[in-house]
Amino acid sequence: MWRIAYTELNKAVEEGVGAISYIDSEWGIKEALQQSNAVFAAFKTHQQYTELKKIVVGDDGKLKSFAAFKRDSKQIIGNYNQQWLRTEYNTTVARARTAVQWNKFQQTPGRNIKWIPSRAAIPDAIHKGYWHTVLPQSDPFWATNFPGNRYNCKCDWALTDDPVTDAPEVEIRPQAGLKENPCISRKVFGDDHPYQASAPRKVKKSAPTAAMRLERKLLLEWAKSELKSTYQLGGSPAVLHTSGIKEILNQPHRDYALKNRILFTLEEVLENAEFIRTDPNTKANPLIRQYHYYKITVNERDSFLVLRELANGERQIYSVVESLQ
Ligand SMILES: [Zn+2]
């Protein structure tokens with residue numbers, strides 16, 4: 001269940017963000033939004049289990065037959081994995097798009113932003129009160145008002161040279177879970193989303209860790225089947241073994257989840273890695289000759305890729321660390 005929601009919503013982020021490269025400033029936003037989907041999917045799964053648990057017992061207080069449970073659970077499973085997931089998908093596309101757009105707007109400050117009407121066949125009548133509004137980028141209006149702050153919103157916004165209009169007369173409240181600008185919060189859905197807000201304190205505490213573990217497991221499986229290969233780094237071959245994948249995933253890091261997600265774009269990371277220095281192996285292990293360090297970027301900050309060179313000359317992609325000693 002977690003995997004379905006996580007995979008689908010990550011596709012939605014890709015769709016909303018569009019084609020970007022690891023070196024673009026949007027990369028960190030995209031990866032953070034996808035990582036937030038892992039946590040959201042954990043809360044969603046918990047909420048679904050909670051509802052399923054409630055229907056194990058009938059109105060008479062007795063355990064239901066399997067057939068009766070199956071019949072009753074069908075509705076819940078359908079709601080969570082089809083109907084609501086579709087809404088969450090559409091909303092995620094819109095919010096991912098909004099996040100990268102807002103990021104772009106910031107690069108040319110001082111211009112006005114215009115609210116562009118919904119592209120939906122049946123547009124959200126509520127946002128209609130905002131259509132064609134033009135306000136300065138710095139106007140506080142944009143702090144909570146943006147496309148994607150209501151479910152299934154298909155409105156758009158853009159920088160414009162059009163003159164500023166009056167502020168809208170209506171005040172449209174964002175829906176639960178959608179009030180934060182996703183570019184700033186780096187989350188598709190906020191903590192006030194009902195799946196999360198209604199979860200017991202214990203679950204609120206454990207869900208992010210559980211999500212991180214699930215995501216790590218998925219990444220490990222995927223990387224083991226797809227990434228073990230010989231690459232080029234600094235003009236020489238560098239090989240990635242399972243041990244290197246595990247080491248990269250296990251290494252603590254201030255941006256742990258994003259550091260792990262560089263695996264998705266490993267070739268680009270290697271292409272852009274910048275050689276820093278070589279240190280001899282000072283430990284007793286005679287199999288290792290030396291370590292090479294390369295600067296890479298994780299979430300717009302420097303991190304370092306560690307290449308281990310064995311005595312037999314093999315160069316192994318060995319780890320990613322946040323700083324060099
Ligand atoms: Zn809208």
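In which helix is Thr-92 found? Thr-92 belongs to helix 3, residues 66–107. This is a predicted model.

**Thr-92 and its surroundings**

Is Thr-92 buried or exposed? The count of C-beta neighbours inside 10 Å is 29, so Thr-92 is classed as buried. The cut-off for that class is 20 or more. Several contacts of Thr-92 reach beyond its neighbours within four places in sequence. These partners are Leu-9, Ala-12, Val-13, Gly-16 and Val-188. Asn-10 sits 82 residues away from Thr-92 along the chain, yet their C-alpha atoms are separated by 8.6 Å.

**Helix 1 against helix 3**

Thr-92 also takes part in the contact between helix 1 and helix 3. Helix 1 covers residues 2–17. On the helix 1 side, the contact is made by Ile-4, Ala-5, Glu-8, Leu-9, Ala-12, Val-13, Glu-15, Gly-16 and Val-17. Helix 3 contributes a list of residues including Asn-81, Leu-85, Tyr-89, Thr-92, Val-93 and Val-100. By class, this contact has twelve nonpolar, three polar and five charged residues.

The crossing geometry of the pairs is set out here.

| Helix pair | Axes come within | Crossing angle | Handedness |
|---|---|---|---|
| Helix 1 and helix 3 | 7 Å | roughly 35 degrees | right-handed |
| Helix 2 and helix 7 | 8 Å | roughly 120 degrees | right-handed |
| Helix 7 and helix 8 | 10 Å | roughly 155 degrees | right-handed |

Helix 2 spans residues 26–54. Its axis crosses that of helix 7 at roughly 120 degrees. That angle makes helix 2 oblique to helix 7. From helix 2, the contact draws on Ala-38, Val-39, Ala-41, Ala-42, Phe-43 and His-46. From helix 7 come Val-203, Ala-207, Pro-208, Ala-210, Ala-211, Leu-214 and Glu-215. Eleven of these residues are nonpolar, one is polar and one is charged.

Helix 7 runs over residues 201–226, and helix 8 over residues 242–250. How do the two lie, roughly parallel or roughly antiparallel? Their axes cross at roughly 155 degrees. Helix 7 and helix 8 are therefore roughly antiparallel, as the angle is over 145. Helix 7 supplies Arg-216, Leu-219, Leu-220, Ala-223 and Lys-224 to this contact. Helix 8 supplies Thr-242, Ile-245 and Leu-249.

**Overall layout**

The protein has ten helices and nine strands. Its C-alpha atoms fill a box of roughly 70 × 65 × 30 Å along the principal axes. Of its 325 residues, 33% are buried. Take the contacts with a separation of 6 or more: 65% of them join residues 24 or more positions apart.

The domain assignment gives domain 1 (2–202) and domain 2 (227–321). How far apart are the C-alpha centres of domain 1 and domain 2? The distance is 35 Å. Eight residues of domain 1 touch nine residues of domain 2. On the domain 1 side, three of the touching residues are nonpolar, four are polar and one is charged.

**Loop residues**

Gly-234 lies in the loop between strand 4 (229–233) and strand 5 (236–240). It has 13 other C-beta atoms within 10 Å, so Gly-234 is partly exposed. Glu-271 is 37 residues from Gly-234 along the chain. Their C-alpha atoms are separated by 8.2 Å.

Most residues other than glycine have a negative phi. Which value does phi of His-132 take? It is near 65 degrees, a positive value in a residue other than glycine. His-132 is located in the loop between strand 1 (112–116) and strand 2 (134–136). His-132 counts as exposed because it has 12 C-beta neighbours inside 10 Å. The exposed class takes 12 or fewer.

Arg-186 also has a positive phi, near 60 degrees. Its place is in the loop between helix 5 (182–185) and helix 6 (194–197). Arg-186 has 18 C-beta neighbours inside 10 Å and so counts as partly exposed.

Note on methods. Residues numbered from 1 in each chain as written. Predicted model: local features only at pLDDT ≥ 70, side-chain atom pairs only at ≥ 80, totals over all residues. Helix = DSSP H or I, 4+ residues; strand = E, 2+ residues; numbered from the N terminus. Axes fitted to C-alpha atoms, helices over the stretch in contact; angles between N-to-C directions. Parallel < 35°, antiparallel > 145°, perpendicular 65-115°, else oblique. Left-handed = near helix turned anticlockwise from the far one by under 90°. Contact = placed C-beta atoms within 7 Å. Domains from an automatic or database assignment. Nonpolar A, V, L, I, M, F, W, Y, C, P; charged D, E, K, R; others polar.
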